[in-house]
Amino acid sequence: MAVAMSEPAIRIALETRLAALTPAIAIAYENVSYTPIAGVPYARVALMRAQPANPEFGTFLQAQGIFQVTLEYPQNVGPGVAEARAKLLADWFYRTLSLAASGVVVTINRASYIMAGFVDGDRWAVPVRVFYSANIPS
């Protein structure tokens, strides 16, 4: 199975885990129309692939990258609510977590990282980076 063929399974595994987090929050998926509702927080996802690694020649390739979830909260309510949700999210995608979809096992290989918040239009955005890898037979 080539890395490119495994990418949909990697996305499904990560997005399914995100959607199961409670309390629920609306999610804006990549390349899917989403209209934010004024005053209502939501999460925006991006799957950022890195160059595959070849840890063992001829045996497997390792797909790797970052699943970034940017929490978008209304401005002027302080950073506390968004930061609490970011902590919940980072804990939900803990280091050593294994997720599976379509025969592909995705491993969270580093602690998730809460980045600095910033103003994004009428929102306060807090990105959370989830580092993943998946061994794909070559």
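Helices (H or I, at least four residues) and strands (E, at least two) are DSSP runs, numbered from the N terminus. This is a predicted model, where local features need pLDDT of at least 70, side-chain atom pairs count only at pLDDT 80 or more, and totals for chains, interfaces and linings use all residues. Residues are numbered from 1 along each chain as its sequence is written, and side-chain values use heavy atoms, with hydrogens and water left out.

**View A. A cis peptide bond between Thr 22 and Pro 23.** Omega is about 0° here. Pro 23 belongs to the loop between helix 1 (3–19) and strand 1 (26–28). Most peptide bonds are trans.

View B. Tyr 42 is buried at 9% relative accessibility, while Tyr 34 is partly exposed at 29% (buried is under 20% relative accessible area, exposed over 50%, partly exposed in between; 1.4 Å probe, protein chains only).

**View C. Arg 17 puts its charged end over the ring of Trp 92.** The charged end is 3.6 Å from the ring centre. To count, NZ of Lys or CZ of Arg must be within 6 Å of the ring centre and within 35 degrees of the ring normal.

**View D. Asn 31 has a positive phi, near 55°.** Asn 31 sits in the loop between strand 1 and strand 2 (42–49), and is exposed at 84% relative accessibility.
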